[in-house]
Structure formats: structure tokens, C-alpha cells
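Please look over the structure shown here before reading the briefing that follows. The notes are grouped by topic, and each can be followed on the displayed chains.

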Amino acid sequence: MTVDLSTRYLGLQLRSPIVASASPLNGDPVTAKLVERAGAAAIVLPSLFEEEILAEEIELNRALEQGTEHFAEALDYFPAVDAFVGAAERYLDGLERITAQSTVPVIASLNATSAGGWVRYARLIQDAGADALELNLYHVAADPRRTAGEMDAADLELIAAVRASVTIPLAIKLSPYYSAFANFSRAAVEGGADGLVLFNRFYQPDVDLDTLDVVPRLELSQPWEMRLPLRWIAILRPQLGPDVSLAVSSGVHTGTDVVKGLMVGANVVMMTSALLRHGPKHVATVEAELRAWMADREYESVEQLRGSASQATAADPSAFERANYMQALRSWIAPRELTPTSPSRPAKWRPEN
Amino acid sequence: MDRRYECLDGNEAAARVAFAVSEVIPIYPITPASPMAEHCDDWAAAQRPNLWGKVPDVVEMQSEAGVAGALHGALQKGALGTTFTSSQGLLLMVPNMFKICGELTPTVIHVAARTVATHALSIFGDHSDVMHARTTGWAMLAAGSVQEAHDFALVAHAATLRARVPFVHFFDGFRTSHEINKILVLEEDDLRALIRDDDVVAFRGRAMTPDAPVVRGTAQNPDVFFQAREASNPFHLAVAGIVQQVMDELAARTGRQYGLVDYHGAPDADRVVIVMGSANGAVEETVDTLVAEGERVGMLRVRLFQPFPADQIVAALPSTVRAVAVLDRTKEPGAVGEPLYLEVVAAFAEAMDREEPPFAAVPRVIGGRYGLSSKEMTPSMIKPIFEELAATRPKRHFTIGIYDDVTHLSLPIDTEFRPPRPVGEVQAIFFGLGSDGTVGANKASVKIIGESTDLFAQGYFVYDSKKSGSVTVSHLRFGPEPIRSTYLVEAADFVACHQFGLLGKTKVLEYAKHGATFLLNSPFGPDDVWKHLPGGVQQLLVDKAIDFWVIDALAVADEAGMGSRINTVMQPCFFQLAGILPADEAITRIKGFVETTYAKRGEAIIARNFAAIDRSLERLAHVPLRGVTNSVPTTPPVPDDAPDFVARITSRLMAGEGDQLPVSALPVDGTFPMGTTKYEKRAIAQMIPIWDPAICIDCGKCVMVCPHATIRMKVFPTSAIDAAPAGFLHKEFRSRELLDHRLTIQVAPDDCTGCGVCVDVCPAKSKTEVRHKAINMEPVAPHRDVERGRWDFFQSIPMLDRSLLPHDSVKGSQVLEPLFEFSGACGGCGETPYIRLVSQLFGDRIIVANATGCSSIYGANLPTTPWTVNAAGRGPAWSNSLFEDNAEFGLGMRLALDAQTDHARRLLERLAPALGDELAGGLLGAVQDTEPEIALQRERVRRLREALAHLEGPSSSDARHLLALAGDLVRQGVWIIGGDGWAYDIGFGGLDQVLSSGRNVNILVLDTEVYSNTGGQASKATPRGAVAKFAAAGKGTAKKDLGAIARAYGNVYVAQVSMGANDLQTTKALLEADAWPGPSLVIAYSSCIAHGIDMSKSMTHQKDAVKSGYWPLYRFQPSEIEDGRPFRLDSPAPSIPIADFVATETRFAVLQRTHPERAVELAALAQADADERWRYYEQLANIERTVPHVHRPDPAILPDVESDAGYRYDSEQDGA
């Protein structure tokens, strides 16, 4: 039998519910193309970090000014450069290229801690052709003087600011660490979110016992991690109604994981770790598994499956600096740079084209 | 046409024209001409077109000789070419210059004229370089100001095309090349008008082409060479007329009329000074002042030096002239006089021999030298020349600006004489540190005022000779008239001291005129600051009735997120107090400038600067003058126990009083005493490392990596600290070899630069607080006095006997005394730890040949030198020849050493009967592989000297000679040290020759992968994908594998090391290099400020370089064993990708910001380079190779795998 996998997410018509979520694979046009070819129904770009924009400017400036005007023979150490392409420009350039080459929707992602001047990047992302924007809220509630209410209000202000600056669909990627998650979710939707992505996985710092250093560490997700978003989508789906898009993110590894996500009411499921682990072609495997499971049980469409089981709870904070978070993300090297004989990295998989 | 003003320095002014009218530009860095080449490279990278719409091809060569060759070739093929150089660089071009001129090929070399090294290197300005080139036949055009450097660049390019004679266009290094002045810029139309199409087409018509081939460059014989040489005469004879014609065309377009020579002064002058170059300005001011006082004086400026405009000079001078002083900015020992003087004398002699002589009597001509190595040339020095000219018997030859108490040539300096300043002019002087952004802000101020108001502006900047903690002095002038004062500000209307700590150390208020304004960056507020001022400063404030203001700029900068860069805090205060612009307008303009400057770098930077600017004025406070209290004691520049030379001479240099030293005070041949940095207590660190013995594990790593040898480790018997002051820190020394000893790690608080590398590498962490290490950076203030006391006592503890611990360990090497200390290298310098380690391992028995570059500058730039001696008075004998010849220089030392040793042995054999077999036989048969054996030989030599002193009779001549050579019977090493610019590029030919010689020399290449000393230009050591000057778009080709070239000889010991990755391997490599009786090459990865890294993490970067496979470690030990495997790969397989390493270094990361696509491409290639190199090295590690040799049981040529101290490495005990 033919199974109709199409679904709608953030008002976008998708050919399947399997979306490749933010990972280095999607940040590079070459690997993004591999992901698309493997069947991803939409591509979420890695996040543009508010602090990355600022930190890069400051660090680059420091490095270029270091040692200047100290010594008569070397008044500086770098050539004068006319045009710098900043973190944001590079992001937008990559976005433009990926949008241009993609036949599936491209969702850009902004990662921020506060409303600020950088919000204008949301508009620039829209101008660069993104089909939708995912706003990634991130903070560690480490300040003992700030109440949950204050922090929620700041987040909502941020959502409103971004909402006001773009007309494309807006998804909010949330962490599970809200005191009153259902309440906050509703407020986010009322503040203008077209959908919610559950959940943001935080990369927790670790201690290296050889050096006694605190080190960032990237652990790919495990299948059990999916239970948290499952529960919350099950809870939120009836509360938020059918017009709000919901996406499962965290621990999606197989076709049956996709089935579970759809059953509790998700519009799409998102995969990162499984693709990093097995390579872009894993999208096709998962799709085949989904198709087989539905066909076996004579489900005709995703529509039919969605929300057929739903209910609700939460876990897990973060404890380290964002720089480490970003570093952990970056320590995954885009596979395009892998060479078959490279001794310097594990030969997990190789690009096929 | 509306003419635009811009504020440019001389280099940019000349380079703009040169770039616009050229197609091929071969380049090579040399101070102070490098910026011209850098501009061209930047513009080419930015795809700026020349006059004909093509982007010039800017190509870096391996040396100036290479540049000249490439230029010659490009010209032969019909491309318009130019280049830029200075000093020795010009000298290296001379052979080709003869050819280019002999072939009547138009081109221009722009020269920032610089001193040629003689008794010492000097980067500063005089005409000794261009004067050396005058025999090549090139026309020589001298610019005396920034405007002239701009205009004459065009005159030279236009004239050469018309005349076919090539041109040297020169201007004074630093004074003109680096002075920023407000000039009227030439427009493209001006260039097009003067660079005539017909001339360009004619030039191309003479080019080599197979369509109409010719032969040029034949060999000629006695029959025709001479006539052919004379055949070019008409072209040289036409040059002067052509230059004047071009100058006239320029004048018609711009209104700026120049002559080949120009007279200025009284029309009836009887005394005239003839001068060339930037001194024009000062002479002109002097003449104007004297003429206004009624004196009959004048000046003649010479613009075209060659072909010498003899007729024009004679014609330009008033017929009333009776005496002429000709000033030369060069010295030619042995000549009757310097070149300009001789030319003028000859011109007069010829003119007076005419039918109608121009003067009633031949004017008396005297010649004077001035301004060598940028020595100041002020009206105070010039006025006495006119007085001398008025004398009955003036000095025929004289000098000015110095006090010559040896040959008594100098004229006095009239310090009272200062020409009046124009009404409305402001002279300002600023004292700052290199790191605080003072110079940058002042350059901005010059541009702001010069380009947005009607005022003229001038900026000149003086740097000291240190690369860390350097002091900068900015000299600025603003006024309604064009500024021609080509000398430093002497009496300022406005003085700013941007660093409180400089008060009392440096003369500051001495430069203030009466009633001047003084702005001080002070941590103390207006009510509090007075009592913290040194008495001398208080006195000057009161005596000169100074208007005194303070601001805590560091606090403002810190609040604005600017760190220690106080530039945008101090700048608004200057504008406010100097009153040059209304405050609001000033703020707007400063912000506008910040916005333009930092637009490329992002909004965060702009926002922070704005915050600093906005907060600045509200924190500015006036300070009322009070009584002089003398509450702050002044410290003498050097300690009381300093040696005589240091006390008399060095201390004056340190105090900035070198200009006042008489000729008799200076060594006659450039020879200076060792080890004077220890007397220069600069106290520049804000944070210093503090040792915690409770946590220390005795590893010695902090000492090993210290770039300035300011952290020391001593191991001593407990009794050595019986007299220790209370609180002196020490701990048990953990050692299998040495029991019952204590250990102390001590910082020299006044010598430390606070770079933090020691703390970065310290592996010992507190069990209860991980961030607390065995050594920690702490603010210096509360520790300074305590650590001073500890350091003083620490120095009194005797060094441990060198034979007690093996040297092939970090700990063992780091208890050895460093004989290279407290250099002025950058904080975190990656080079100096290697040099210091060499000095520890072998310092008392080596001689060093040091290539020009960073290591020769921090190694021997006055006032003080870091190479030093041990308690026995022994240490590394050090010398620098040139940049290009260092390997040969070192080989020469080895040849001499071998010859002397050989001679000494022969003398010893002859004298053996008289000396006794025991002594002579012992000396001749001594094995000196290890330090104990060397010590025994030293003892024998001591006895030999004693015995020789008593020898009489027929052998006394032999005895005298042997006495002189006895020291050479002790084994000595020759270390040839230099950077990658030398080893990979300019000196490579010589390096290769020396490697092939088989002679016992040790070559240490400090590989920073760029020309660090001249500001980070690419070399062949620069890796693929790195951005460097001359590789502004990222270097596209891979780094040269220098080690592979050396290994190919088979008998060369080669090691590639990286101290931060493996300090033990570094130590072993140096020991093995010393032990290997043939040539050795150690290539040392040296992190550098030009990498754009956090220098406190210098060693971490070295480690990552190895971890990623970017810099594999190996030792290639030539072997005579049949199945020997000479190549030992010392680093493990790469564990991180190259991308992870390069992401942390700005030199790579910046390419992602400037050329993202190219960055991706080059990054992939860089990974492939590393992969391929690793694959190759892995294979090499398995190859068997034998040095071809004759089996002779001579232990002296066997490979020595033992350490210097006679210990075998643990890892090699069982053949591992």
C-alpha cells in the first residue's frame, strides 16, 4: 500500500515528518545537500549565536591589535584587510547558498540569551531566504537574585522582539527547565510562536581527570532521551490545539521513534545525533523504517497517526558557560573535510557522492 | 580642479603612485621600507587596479637580490616594474642595478633611506645606502618631505620612461617614511598626464619578444666594451632636463613648483648651506629666522642628486656667496669628504674655470656630516654652521648634533636658538606604552584634524627598542601653516603622560614649555595625586606653572570593556584641553573616525569605543598646583654596584640621555660588554607568578618555558640557606640522584613581563582548589617588595655543580644557569626559551652566529644585552653579521676554530718536550664528549697556561702563540641561530652550503613561520592557509620541508622540535645536535605574536600544533650502523584535526573572515598536507640508511647517543 508521509509544520508543507535539526552537517552546503538527498523533509541550520557574533568581533579585534605600535620595525602584524566577513555575514551567506540549492524548506536558527541589537539578524535571516526561523532560547538560571517569573518574562520579551522583526514562521526551541512548562509554552505561543521544538539538549561540562580541567564535552543523544519530549508533546498537544506546530527533538534515532513522536502529537520529528553518528544516509533508513511500520499496520497517512496517543512531565539543567557549549558543537567536524586516509579522525562514515 | 588633502606617511605617499603606475612589483621586507610593499600587497589583494585597469602582480621574493633579478626580468619583457627597499636591501640589488641601467631600462626603486650596518646595525635613517648605489648610473631623486615623496614618486616614474635611465627615488627612513603629514594628493588624471602613453608604448617596443627577437646582455671584449659604455652618454646627459620638464608639468597641474635645486634665503647671502633630504625643513626654518634677524644667509636644497646638477647649483646660488657648507647624511671614512661635498667642490672648480666665472672668488666650501642613524637635526645644530662659515678659518670638515671629544670635528649646539613657532600652532607630546593604544589614537588625531579642518597636521612617533613593555613617544604638531619642522617637538604646549609609572622614569615635563597643559592618566584623583608625584615632577609643574589635569583612564577603559587600551579615553581629553576643536565637534569627529576604522571589525568594538569616549570628559579633573614635597623617592637608573661601563654609559642610554654621550664614551669597534639587561629593572609586569612550594612537583616546566629567564630554579644543600631572610621559600628536592637538597623557584619581579606562560604550563594543581597551581599569576603590587628581597637572596645561593644532575631531563637542564636573560622579547615569545636552553646546556663553551631578525634585536639591541656570563666569566660569545649570510658567518667561525685548534695542537706537539708528556699528552689525547671530560681539559689548559708563562729560550715564540690559542684546546661549539626568513629564504643558499660542508656546526632555526621582526611577512616557512603580510589572501602553497632538504644529505643531524609539546625531546635534540660531530639542524616551532594568539597560551599552541600533526616531532640521527634507522618519529599520531588547531590562531581564522571560500579550500589542503606528511614520516621512521664511511675506529666520529653529562636517556637504555 502507499503511505502518505506528508505533514505540515509551521505552515510549511513537508513531504515527510523527518527533519534534520541543527547540526554542523546542515551548516555546510555540501553536506546539507547530502542530508537533503537522503530525504530530510526540511533542514534546520545550526544556530547563529548572539555571543558568537560579539565574541568573534572582540577576539578578532584583540588579536589584530595585539603588538601593534610597540616596535619601530613592526607597527602591526597582519595585512590591512578591507572586508571582514563576520560570524553573522558568514551565516547569512551559508543560509543563502543552502536556500538556493535546497528543494525542501530551510529553517534558520538563532540562539540568544537576551533581547538586543542583534535581533535585527532575525530580519536579515528572513531576507536571506529562510523559510522559517527557529529561536533557540538558552540560559542557565544561575543568578540567585532572579526569580522564575523574571526569567520567563525576559524570554517572552525576546520572543516578542523576534516575532516583531520577521513575518516568516517562527518556532521556539525550548529547554525543559521551566518551572511551569505548560504555562510558559502557552505564553510563547500567544507571544507569536507558530510552533515549539522540544527540547534543546544542553552540552554539560565534564571534568578531565588527567588534567583536572573542566572541559566541554559533546555526547550524542541516546534513544531514552526521547521520552521527555514525548511526554510533553503528549501534554501540550491537547492544550495548544491543532494549529500549533510541535516538533520532537532529542533522542530520535529510528523509524519507530518517529512513529512514537507522531502518535503523541508531533508534526515533525528532528534528528541530529543519529545523523552525526551514521551519516546523512540514515535519514533514508529511518524513513524506510517508518514507511514499513505504517504499511505493516495499515496506516495510510501521517495525518491518521498523529496525536493518536497523548499525555504529560520534565528533567535536566546546564551548568557551564556558553562558550563551551559552542565549542562542543564545533568539535564535530563537517564530514566533507574527512579524507579516506586521514589518520587524524575516526573513520565513522564517508560521504558517498 | 579641487585638490584633496590627506594625512599620509611618506611610505604610503610614495607607494600609492608606484602601485598605480606599475604592472609587476617584486617585493621583500626591510625596515623602514616594508610598509610600501605591504600597502601594495594589500591593494593587490583587494583587487585595486593600476592606471591601466590591471591589478599589479605583487610577488614576494627570497631576498632583495631576488627582487632585483625579478624586476630586471620583468622590465626586459616590457612590464612596468617597481620595488621598494632600504639599506642592505639596496646593496643586494646593486649588481642588477648596473645591468638595468646599462641596458637603459626605465624603472624606479623607492628607497626609505637607512643606515647601512657597520660597527652596529641600525634601522634608522641616513643616506649611506643610497650613496653606495651612486656608481650604478641610476638617476637619484631626493624627497625631503611627505608631499615631495608623493610628488617625486610620480616625477621619477614619468622621467624614467622619458629618459630611459632608471631612478632611485629616496627619502629619509622614519623621518619621512613614517612621518604623517597633511599633503595634497595627486589624482589619477595627474598620473595619466605625466605618464605619457607614447613613452609606455616605446618602452614596450623595446621588450623581448620572439616576434622580433634581439640579444641583450652579451659578453664584450676590450675592443668594444668601452665605446659601448660611452654610447649611453646622451641619455644620462638628458636626464636633468627631462626631470625639470616633468617637474614643470607637475607644477602646471598642481601649482607645486620644484627645481632640480632650489635656493632659499637672502638674495645677497654670503653664507649658504647645501643640503638634501628631510633636513631641508629644519635648515629652512633656521635660514628664515636668521634672515629675519638681518643675516645674509641662505640654503640650497638639492633634489636631483644624480646626474649631479652642477650647473644648476652654481646658477642658483647668489653671486655674493663667499662660503658654503655642504651637509652629508652619510660617512665615508678615508674619503676627502662625503659625496655631496665632493660633487659641490668639483662643480665650483669646473664653474670657476669657465670664461666667465660665476663668482668673483671661488667660494670656500666646507663639509659636514649630520643625522647618521636618524640623529636629530634641529635649528640649534644648524645655526652654528652659519657661525662657522663666518669664521676666518672654519673647520674644513665638521660634524653636527654630537659632541666629538676625540677628533674634535663637532660644532657646538646652540640650545638657546629656537625659531619662533607660527601663531596658532599647537605642539603636543604624548608618552605611552605600546600596549595602551596611544600611538594609534594620535595617528587618528592627526587624521581627524588634518582631514576635517583647515589646520595642517604632523605626527611622528618614537618607539624604544623593546618588544614588550615598550615606551612610545608621539610628537604632534597642528597649525595654520604647512609644517616643515623635520625634528622632534622640543617645547610642547600640551604634554600627556598616558602611564603614571613613566613619571620619574622618563623625562616628561622637561618637554613642556612654560604654562603648558599637562594631562596625566592617574589612578589617583585630583585631591590625591600630588603626593604620589616624584619631587622632580612637582618641581617642574610649579616652575613651569603647568595647567595640570588628571583622569583615571584605565578605570574608564575597563568600564567600557576596553581593557588596558586607554586610547579612546585619552583622546577626547586631549581635544578638550588642547582646544583645537570645539568639544562637541571633537567628540563627533572622534566617533566618526572610530566608526570608519572599526566598521570592518563589527559593532561591538564600535560600541565599546563609544562608551569610552562618552565617559571620558566627565572624569577629567583639574589639579591645583601645590608645594614641592619630595615625598616619592627616586630610584637610581642602575644599582650602585653596577660595573663601570654600565654606570657611565649604559645607564645614560637607559635614561634616554644617549644623545648627550660624547664620542669618547663609545667603543671604537662596536664591542660591548655582556649581560647588561640585569641592570635594567623595567618593572613592567602588572601580574607576576607567585610560587606555592606546597604544591610544586619539581618538574621545572615553568623555568623551561620562561621567555625571559625570569623564573629560576635552584637546588642547593640545606646549609646554603642558613642565612636566608625570613619567609624565603624552599621545599624538599625530590630526586633519586641528589639527596638532602632543597629547591626554590624564584621570580625576578622587576624583570618579569607578566606573560603568564609559566602558569599555563604548570601541571601541579591544588587538591582542594583546582585552579590554584604551584605557580599563579597575582597582582605585583603587594608582592613586589617581598619578591625583590627573595630574588636578591636567591641570587646569592651558589649554582649547583653542573655534574650533579643529568642534563637530559627538564629538571636537570633547568637547574643550569641561563646565560641569556631578561631580553626585551615579546611577552610569551616562543623563540627565546630555546635560546635560553642552549645557553644553559652549552653556554660557557659556545660561540654564536646570529642572523639579523628578532633574535638579533632582542639579543643585542642597545641599551642592554641579554647574553651574559657565569661566575667564572665564561659565556656565549655572540655576533651578528647580516640577515643573508648567517650560516656562512657561523661556518667561518668553525673554520677559524678548527684552524686554531689544529695550530694549538701542533704547537703543543712541538713544545711537548718542554712541557712534559703528562701535560702535553693529556691535552692532545683528551676525549671531550662529556662535561666532566671538558672540565678536566679546562684544568689541563689552566696548567698549560701556567707552564707556558714560565717557558723561556728558543721555544718562547711558540709558547706565546700557544698561550694565545690555549683556550681552543677545549671543545667549543658553534651555534648558528636565526629565524625562518633567514633559513628558508634569504639565507637558504648559504645554509645549504654549510649543511653540505660536513663541518661541525649547530644550526638552530627559530621557526615562527613569518618574518616576525619586520611585522609578520610571509616566508617559505609560512604554512598553507595562513594570512600574513605579503600573503594577505592566505598563503596558497605549502610550507617548505626544510628538514627534508637537510636530511637528504644523509650526514646531517636534523631534529624538529616544539618545546610546548615535548620539552624533553627538545632538550635531547639540542644535546644530540651538540654531540654530533658534523652539521646539525634543529628546527624549533616558535609561537609568535604574529600568529594572533593569546601569548600566555604560547606553549599550549605549540602542543596543539603537534597534536594535530601540523608540526610532527622527529630526530634524524645519521647512523653508520648497517641497519640503522636514523629517523625517529617522536610525536604520536595526530589526535585532533588541523582545523581544531588552526581555529585558535588568528593567522588562519582571519582568512575565514576575509576570503571564506578560499579559506575552506586551503583548510582542506592544509589537512591533506598534514596527512601526507604524516604518512611520509611514518614510512621514514622505518627506513634503514647508513652514512657512507670508512671503517676507522675513531671514537670522535661515532654517533654519540649519550647526553652531554654522560647519562643515557631512560627511553634509550634498552634500545627502545
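**Salt bridges within the chains**

In chain B, the residues B:Arg4, B:Glu6, B:Glu12, B:Arg16 and B:Glu187 are joined to one another in a network of salt bridges. The model is a predicted one, and over all chains the count of salt bridges comes to 89.

- A:Arg186 and A:Glu190 form a salt bridge in which the closest N and O atoms are 4.0 Å apart. The two residues are separated by about one helical turn, because they stand four residues apart in helix α7 (residues 181-190) of chain A.
- Of this pair, A:Arg186 counts as partly exposed, at 39% relative accessibility, whereas A:Glu190 counts as exposed, at 61%.
- B:Asp288 forms a salt bridge with B:Arg484, and here the closest N and O atoms are 2.8 Å apart. This pair links distant parts of the chain, 196 residues apart, since B:Asp288 belongs to helix α11 (residues 279-292) of chain B while B:Arg484 lies in the loop between β18 (471-479) and β19 (492-497) of chain B.
- Both partners keep some accessible area: B:Asp288 is partly exposed, with a relative accessible area of 27%, and B:Arg484 is partly exposed as well, with 32%.
- B:Lys678 forms a salt bridge with B:Glu821, the closest N and O atoms being 3.7 Å apart. Distant parts of the chain are again linked, 143 residues apart, with B:Lys678 in the loop between α21 (644-654) and β23 of chain B and B:Glu821 in the loop between α25 (810-814) and α26 (832-842) of chain B.
- In this pair B:Lys678 counts as partly exposed, at 28% relative accessibility, but B:Glu821 is buried, with a relative accessible area of 7%.

- In soluble globular proteins, nonpolar side chains tend to be buried together.
- The largest nonpolar core has 187 residues, and the members that touch the most other members are B:Val243, B:Ile274, B:Trp982, B:Ile1003, B:Leu1004 and B:Leu1081. Helix α6 (residues 146-163) of chain B gives the most to this core, contributing 10 residues.
- When neighbours within four places in sequence are left aside, B:Leu1081 is in contact with several residues, including B:Leu995, B:Ile1003, B:Val1005, B:Leu1042 and B:Tyr1053.

**Where chain A meets chain B**

- How many residues of each chain are in contact with the other chain? On the side of chain A there are 44 residues, and they are in contact with 65 residues of chain B.
- The area buried between chain A and chain B is about 4900 Å², and carbon and sulfur atoms give 56% of that area. In chain A, the residues that lose the most area to chain B are A:His70, A:Glu73 and A:Tyr77, which together make up 16% of what that side buries.
- Four salt bridges are counted between chain A and chain B. B:Lys1029 forms a salt bridge with A:Asp76, and the closest N and O atoms of the two residues are 2.5 Å apart.
- Across the interface of chain A and chain B, 14 residue pairs are found in polar contact.
- On the side of chain A that touches chain B, the elements that give two or more residues are α3 (50-65) and α4 (87-101) of chain A. The largest share of that side, 10 residues, comes from α3(A).
- Sorted by class, the side of chain A that touches chain B has 20 nonpolar, nine polar and 15 charged residues.

**Details of the backbone**

- The peptide bond from B:Thr31 to B:Pro32 is cis, with omega near -5°, and B:Pro32 lies in the loop between β2 (24-27) and α2 (34-45) of chain B.
- The peptide bond from B:Leu862 to B:Pro863 is also cis, with omega near 20°, and B:Pro863 is placed in the loop between α27 (854-860) and β29 (877-879) of chain B.
- A:Glu298, although not a glycine, has a positive phi, near 60°. A:Glu298 sits in the loop between α11 (282-296) and α12 (302-305) of chain A, and it is exposed, with a relative accessible area of 60%.
- B:Asp698 is not a glycine either, yet its phi is positive, at about 65°. Is B:Asp698 buried or exposed? B:Asp698 counts as buried, because its relative accessibility is 0%.

Notes. Residues are numbered from 1 along each chain as its sequence is written. Chains are lettered from A and ligands numbered from 1 in the order in which they are written. This is a predicted model: local features need pLDDT of at least 70, side-chain atom pairs count only at pLDDT 80 or more; totals for chains, interfaces and linings use all residues. Side-chain values use heavy atoms; hydrogens and water are left out. Buried means under 20% relative accessible area, exposed over 50%, partly exposed in between (1.4 Å probe, protein chains only). A nonpolar core is a set of buried Ala, Val, Leu, Ile, Met, Phe, Trp, Tyr and Cys residues joined through side-chain atoms within 4.5 Å. Contact means heavy atoms within 4.5 Å. A salt bridge is a side-chain nitrogen of Lys or Arg within 4 Å of a carboxyl oxygen of Asp or Glu. Buried area is the accessible area (1.4 Å probe) that two parts lose on being put together, summed over both. A polar contact is a pair of N or O atoms within 3.5 Å; within protein, one must be able to donate a hydrogen and the other to accept it, and residues adjacent in sequence count only if both atoms are side-chain atoms. Ala, Val, Leu, Ile, Met, Phe, Trp, Tyr, Cys and Pro count as nonpolar, Asp, Glu, Lys and Arg as charged, and the others, Gly among them, as polar.
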